2 protein chains.
Amino acid sequence: MATALTSHLSEESLALALDSFRSALGSEAVIAGEDELREFRDPFAFAASDDYTASAVLMPETVDEIQQIVRIANEHKVPLWTHATGMNNGYGGPAPRLKGSVIVSLRRMNRVLEIDEDSAFAVVEPGVRWFDLYDALRAGGHRLMVSVPDLGWGSVVGNALENGATYLPTGSDMAAACGMEVVLPSGEVLRTGMGAMPGNRAWHVYKRSLGPSLDTLFMQSNFGIVTKMGVWLMPYPECYMPLWLRVWNDDDLPALVETLRALMIERTIENVPQVWNTIASASVLSSRSAWYEGEEPIPDGRIDEMARELEVGRWMMRFALYGDEAVVDHRFRKVKEAFGRIPGAEVWGEKHSPDAFAELENPHERVQAGVPNLDINQMTGWYGGEEGGHIGFSPVARLTGPDAVALRDLIRGLVEQRARLDYAAVLIPTNARSFIHVTMVIFDTKNEAEVRRAYDTSRLLVSECAKHGYGEYRAHLDFMDLAAEQYSFGDRAYMRFVETIKDAVDPNGILSPGKQGIWPRSLREPAEA
Amino acid sequence: MATALTSHLSEESLALALDSFRSALGSEAVIAGEDELREFRDPFAFAASDDYTASAVLMPETVDEIQQIVRIANEHKVPLWTHATGMNNGYGGPAPRLKGSVIVSLRRMNRVLEIDEDSAFAVVEPGVRWFDLYDALRAGGHRLMVSVPDLGWGSVVGNALENGATYLPTGSDMAAACGMEVVLPSGEVLRTGMGAMPGNRAWHVYKRSLGPSLDTLFMQSNFGIVTKMGVWLMPYPECYMPLWLRVWNDDDLPALVETLRALMIERTIENVPQVWNTIASASVLSSRSAWYEGEEPIPDGRIDEMARELEVGRWMMRFALYGDEAVVDHRFRKVKEAFGRIPGAEVWGEKHSPDAFAELENPHERVQAGVPNLDINQMTGWYGGEEGGHIGFSPVARLTGPDAVALRDLIRGLVEQRARLDYAAVLIPTNARSFIHVTMVIFDTKNEAEVRRAYDTSRLLVSECAKHGYGEYRAHLDFMDLAAEQYSFGDRAYMRFVETIKDAVDPNGILSPGKQGIWPRSLREPAEA
């Protein structure tokens, strides 16, 4: 554990480095004022905390500027922390793991470099948000959709690099990214896959290399700064049918999951569904105070009432069908029949043609149509209104009924008993065989005791779930080390292998120290001793 | 280039190492006799060549034995060369890149460790052949299919590690592998992905890690010996419909390719098709001497006659539909209509239920039903009968009409004019956006001049195709260095990054020196100087 680590960088070295950064980028691209830096902190940390604060923020606009930043950082041994747009607030937002790091914010590298209508892909810089790519597709008159996540303010590249979920068929199994350009810790530029051959047109259409394929090595790691990435798009289908499944009993969950897996494995359902529990659904539609005044977690009886009044059931699944109308009709009948075997279950939805996508009223139905929005962000206000916060705790499991029930019971127990908070869950089967149990630990950022309970419980969730064989797919800044420690097979063989690569490719340890628990040698040894 | 490299190992060191290997494995697991070693050479090299000969072959049966092998190899600095079953003869078969290497043959590690009916995956050791996994599925009464390649004698793991194509929907985009166990050059055992957490049930169902994901780093590389791998399976569909498309003009190719891409991107065609030219089709069904006596390449007029007499057209595509009968029927109509816009094109096929898969007469239709066989291996005999050989030359391209035509013309020109051989091509779109142009350079292994022309031309193909931006997806032993050199962007940034990893994780350079052009430092420096 290295929670309180601070950069070894002296004030003098930092000052010298900042001078060099200003010379290289221009002074307006170097942010070092205390007030301005406040915006680059974990937005939901308790206000008095100064963990995860940066020394400065750099805003490069070109690959060449990033190369210069990396060279200066090597010279002065400055720890850098890269974010694309830094908007994933449930995992720490824009803030660095190591206090005193200099943030490299890629928000100004926001060009859509290419859209290929024939082969249905785009090439984007890391500052391109879902909103930007969507706008570029519409402005160019392309009949193409991008697989988007729930919130449109994030980065296409950043999401891919964190293994983030998106919800169209092209996002299934997180398979939309293809072909990267990366600035290495040495300042050199590497292109992955076919891109390593000058002039190769298959860079963004074929995922492997001659030799080992590196794209996933640059995901959730600190071996390079990704400056370009290909993303696969989906042509407009003849018909899009967003669907809803609702069940009324908490213990309908295993039957729902077993039925879903069969439909996904046979490719009847091809997109990435989401399964929401009542509290999660209610948090999008309302505030807690409308339902319950007690400080203890809302009891089951009241949750049942909420389920009925809001018509969201105890579990509600969003999913969608895409394709020729004849195929969509067949599949709808099949899906309805399969889930219909669960007593009280209902399946419904309406068909739409591409012209209607942007006008759909329900934000979930827009997300699954590739239309980015921010409506679902409302859920963070469950406890604290505009000052509400949340932590994402997200273990992976097999997509089976027993696994879903085991995780539900384990996590609900700890969230309710230890954090004394409501259990808000969204289950996301990113492929047909596994799902991510996104636990939204929602709290009021003004209530220090509640914030502390939320963080302490999230930490406990990491270790308790690991005891049962469930590990996080990504980790909040505060739990990166702890989450990584759980992957301990073979005396930490995985992490030691990763550390060996880190030391070899980044000998000065300048890139994102501590990212997903990967520390450079200089910061690792004290912890190991 | 390092074509003639030989291991630095002295005879004394080798003898000491072999003693240790015998102690560890038992003497029957160590093969060192000259006659027996002959079976582990490139089967199609000209008989007098002794490039790529091994000093010995080790046949471990357990992970523990592999760990011991690696430790002994480190002690004596023995270069090892791993193959799974070593049956991919078009790329060099079982032979090592570095003469004098000790082969680690994994043929005896042939256990199917697990078959999970619910989540539709298996876990296999590297010596498990497609035949073995198929047999295990049938013996267990599982209603599951495995996505197989054309020849059933190869290894499930070996194929995945080489980015080999397989042809069911689960094989699309080479996406069937999930979760590995690897013996590292240090002798330690690493598990990738969720497997790095003890007891994690999601190892073979979720493809990413917390932190960087390493599965593809162990593909086409020499960073570890894979000892277990998960492979995703496909439940039996209600209906399977293998289909054929035939066109009569060589220049129907671009229309075929453009139509195919649209149908694949919209997921109407979900499997991995193959597009065969006349010569390739004819080589499976007949010998060259039945058609042509001249020494020069068969001229177009005669190829047209072959196309008609054998009813294989100038291009013939095999592909298949899978799913509910209603969906298959809809898609068949759609496919027939789409390709029907090409004058003279025909599409046909018949529907089958799972009970009939093993009995299908046409081997291609069995392959696409997941039933492994060896019938297509016949094609190697085009020139030399039972002593025929072939080299695979396989560049990747975007799946577009212009790219298909450009590659066809470039490769046909060189094969006909330089090698004075017939142009046999099989185009394999491993995903909806790209294809691999598998060039079968077929020759008579008894004809030394013909063998030399075939090898020389294949070498020329590597560099000439690269000039046009087309790179190989895998390379024959003889062209590994040359093929890798073409990926030279950024002053070889990709290869230097890979070499940095190699030196860090395998400091003694014992694992598969030269694999895909990756040499350890000790063997690299002379070439660099």
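This is a predicted model: local features need pLDDT of at least 70, side-chain atom pairs count only at pLDDT 80 or more; totals for chains, interfaces and linings use all residues.
Before you start, residues are numbered from 1 along each chain as its sequence is written, and chains are lettered from A, with ligands numbered from 1, in the order in which they are written. Local features need pLDDT of at least 70 and side-chain atom pairs count only at pLDDT 80 or more, while totals for chains, interfaces and linings use all residues; side-chain values use heavy atoms, with hydrogens and water left out.

**Stop 1: chain A as a whole**

Select chain A and colour it by secondary structure. Along the principal axes, the C-alpha atoms of chain A fill a box of roughly 70 × 55 × 45 Å.

Of the 529 residues here, 68% count as buried (under 20% relative accessible area, with exposed meaning over 50% and partly exposed in between, using a 1.4 Å probe and protein chains only). Now think about contacts (heavy atoms within 4.5 Å): among those in chain A between residues at least 6 apart in sequence, 74% join residues at least 24 apart.

**Stop 2: a salt bridge inside chain A**

Side chains of opposite charge can pair when their charged atoms come close. Over all chains, the structure holds 91 salt bridges (a side-chain nitrogen of Lys or Arg within 4 Å of a carboxyl oxygen of Asp or Glu). Select Glu325(A) and Lys351(A), whose side chains meet in one of these at 2.7 Å, N to O. Glu325(A) sits in helix 9 (residues 325-339) of chain A and Lys351(A) in the loop between strand 15 (346-349) and helix 10 (363-367), so the pair ties together parts that are 26 residues apart in sequence. Glu325(A) is partly exposed at 35% relative accessible area, and Lys351(A) is partly exposed at 34%.

For a network of salt bridges, select Asp250(A), Asp251(A), Asp300(A), Asp304(A), Arg314(A), Arg408(A), Asp409(A), Arg412(A) and Glu416(A) together.

**Stop 3: where the two chains meet**

Show chain B as well. The contact takes 95 residues from chain A and 95 residues from chain B. Between them the chains bury about 8,200 Å², 58% of it on carbon and sulfur atoms (buried area is the accessible area, with a 1.4 Å probe, that two parts lose on being put together, summed over both).

Across this interface the rule finds 12 salt bridges. Which part of chain A gives the largest share of the side that touches chain B? Helix 15 (residues 489-505) of chain A does, with 11 residues. The residues on that side of chain A divide into 49 nonpolar, 25 polar and 21 charged (Ala, Val, Leu, Ile, Met, Phe, Trp, Tyr, Cys and Pro count as nonpolar, Asp, Glu, Lys and Arg as charged, and the others, Gly among them, as polar).

Next, select Glu188(B) and Arg496(A), whose side chains meet in a salt bridge at 2.8 Å, N to O. Glu188(B) lies in the loop between strand 8 (177-183) and strand 9 (189-191) of chain B and Arg496(A) in helix 15 of chain A, so the pair joins two chains. Glu188(B) is partly exposed at 27% relative accessibility, and Arg496(A) is partly exposed at 24%. Another pair to pick is Glu270(B) with Arg267(A), a salt bridge whose closest N and O atoms are 3.0 Å apart.

**Stop 4: two threonines of chain B**

Select Thr500(B), in helix 15 (residues 489-505) of chain B. Thr500(B) touches Ala504(A) and Val505(A), not counting residues up to four places away in sequence. The side chain of Thr500(B) also reaches the backbone oxygen of Arg496(B) at 2.8 Å.

Finish at Thr216(B), in the loop between strand 9 and strand 10 (225-232) of chain B. Is Thr216(B) buried or exposed? At 14% relative accessibility, Thr216(B) counts as buried. Leaving out residues up to four places away in sequence, Thr216(B) touches Arg208(A), Pro212(A), Ser213(A) and Thr216(A).

Technical notes: Helices (H or I, at least four residues) and strands (E, at least two) are DSSP runs, numbered from the N terminus. A polar contact is a pair of N or O atoms within 3.5 Å; within protein, one must be able to donate a hydrogen and the other to accept it, and residues adjacent in sequence count only if both atoms are side-chain atoms.
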